[in-house]
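Hello,

Here is the structure I said I would pass on.

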Amino acid sequence: MFKESIIVVGGGIAGLTGAAILAKEGYEVTLIEAHTQLGGCAGTFRRGPYIFDVGATQVAGLEIGGIHHRLFNYLDISIPNAKVLDPGCSIDLSDGTKPINLWHDPFRWEKERKEHFPGSEIFWSLCSQIHNSNWAFVDRDPILPVGNLWDLSQLIRAIRPSNLLTGLLSKLTMADLLALSGCQRDKRLRRFLDLQLKLYSQEPANRTAALYGATVLQMAQSPRGLWHLKGSMQILSDSLKKSFLRDGGKLLMGHRVLNIFQDKELSTFNLKVVDKRQKILRLQAPDIVFSLPPQMLLNLVSTNGGLSKTYRECINNLPKPSGAVVFYGALIRSYLPADCPSHIQIFDEQLGSLFISISIEGDQRAPIGMATLIASIFVDINKWSNLDSQSYTNQKKFYLDKILNIINNKFRFSDVTWVHQELSTPRSFERWTGRPGGIVGGLGQHPSQFGPFGLPSRTPLKGLWLCGDSIYPGEGTAGVSQSALMVARQLMETKGRHLNLPVFN
Ligand SMILES: Cc1cc2nc3c(=O)[nH]c(=O)nc-3n(C[C@H](O)[C@H](O)[C@H](O)COP(=O)(O)OP(=O)(O)OC[C@H]3O[C@@H](n4cnc5c(N)ncnc54)[C@H](O)[C@@H]3O)c2cc1C
């Protein structure tokens, strides 16, 4: 048995970011990752000459002052080579009208939305005000929800008068904002919002907190932006890993945490870990940063492990996140339209949102002249659990046919177009990331659940910290990086140290 200062559980973007920050600050950090590859939902896999991003395909926060940019700067590692997406996405409402392009230039986007949603400028202007006020707040690294006086001091430090005004809207949904602006009858605008918000908040407009929805809604426009990484999404993990190892971090790949137990007398946590050869290791540390979905705590901390019944119930009663079904295909590039946007969202009556990401010529995901195409939908994980093998195969085939049908119609492809096709399901995500039932993304950003009302990073067990996509500010590589920074700052404060990253804006 050996003693470690801080153990980080999970090597997705949240765990890697937290581990890299704490190692840079001189702590003795051990990062435990169950898979043989880092990155989790933002990882990649290879099929012959093709590289597919497993889940995340677009990155926010790479612009100057964005969270990835700030962290890479602080960690002293180069900013990955990336291209800003213009449009960030092209949204097809499947109502026979032209797709709506999220242009990077705010004026071009204003012209586009005036054309598509005439009479909605009051709504957009309200969103812009919330967006500007909230981003300035987020950039000052607030702690949410507040757990003690220090958290409160960090929250107050981030607040400006405009936040007090927008704070009055904290119980409203995006649908309420529409009604306030007199746009509630604009069915196209509502469908557009339902589609876009589902991507960022797991919820439609009538269930997404207005403060969250308006903050993420204009993420594709300058001075923010959505970025496409050259190479693959794995570049993010590779860079963070490099920083972590450079600063003396210890990486245990292919090691799965089986149990976490708090020894109250010694004020440490004992971890039971199994490696690829089924050898059991026991590790010990006074602080654990847990970056897996909080639902996994229920399995990893035994009932006598110190988590109160009330806390276990609170975790058990968290809203059930969605699962995802993802199609990974490869095709000859010339089959695609010449000016094809690389990210497209299509509305479908049955599937809801189909989100498509196409590789860009020369981005190293496919040989020149070829392209990869990834298409994902959200699904209810309950419909994928307890299926016998025949029902599972049938269900998979149903979804594959359905997704292919939408794509083939959109691009007028015939079946012979594809040189590679495969489908992942919640079962695949559970295998890849260990997430129970294949849940992906975080908790829905409902007014009762977002920001100040969300699940705290502090747990009832002193020294056990949560980060990742169920913790403020929520899902996405940018969101989970922000949550990891927040936890690193909280943890360091308990040791009498303060970490403040420069704010660029
Ligand atoms: C289909 C899909 C599309 C998405 N698209 C985007 C997008 O375009 N842009 C974007 O920003 N975000 C996107 N996201 C969301 C984004 O990928 C996630 O929010 C983010 O990557 C989550 O990171 P994480 O570190 O919190 O969790 P994870 O990525 O789940 O990482 C957790 C890690 O913990 C490891 N682990 C699990 N159990 C154990 C254990 N017992 N012991 C040790 N290790 C363990 C796992 O192997 C994994 O590596 C998408 C997600 C999906 C599923």
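The notes cover the ligand, a pair of helices and one further helix.

Numbering runs from 1 along each chain as its sequence is written. The model is predicted, so local features need pLDDT of at least 70 and side-chain atom pairs count only at pLDDT 80 or more, while totals for chains, interfaces and linings use all residues.

Ligand. Domain 1 (2-81 + 230-319 + 443-494) and domain 3 (322-438) both give residues to the shell around the ligand, so the ligand lies between them; the bounds come from an automatic or database domain assignment. Of the 38 residues around the ligand, Gly10, Gly12, Gly40, Gly55 and Gly434 come nearest (near: C-beta atom, placed from the backbone, within 6 Å). At least two shell residues each come from α1, β12 (256-263), β16 (323-332) and α15. Helices (H or I, at least four residues) and strands (E, at least two) are DSSP runs, numbered from the N terminus.

Helix pair. The axes of α1 and α15 come within 8 Å and cross at roughly 40° (axes are lines fitted to C-alpha atoms, for helices over the stretch in contact, with angles from 0 to 180 degrees between N-to-C directions). Residues making this contact include Ile13 and Ile21 of α1 and Val480 and Leu485 of α15 (contact: C-beta atoms, placed from the backbone, within 7 Å).

Helix α2. Buried residues of α2 (67-75) include Ile67, Phe72 and Leu75 (buried: 20 or more other C-beta atoms within 10 Å of its own, placed from the backbone). Their cover includes α1 (13-24) and α15 (477-494). Just after α2, Asp76 takes a positive phi of about 65°.

Regards

Key:
Buried ≥ 20, exposed ≤ 12 C-beta atoms within 10 Å, placed from the backbone. Contact = placed C-beta atoms within 7 Å.
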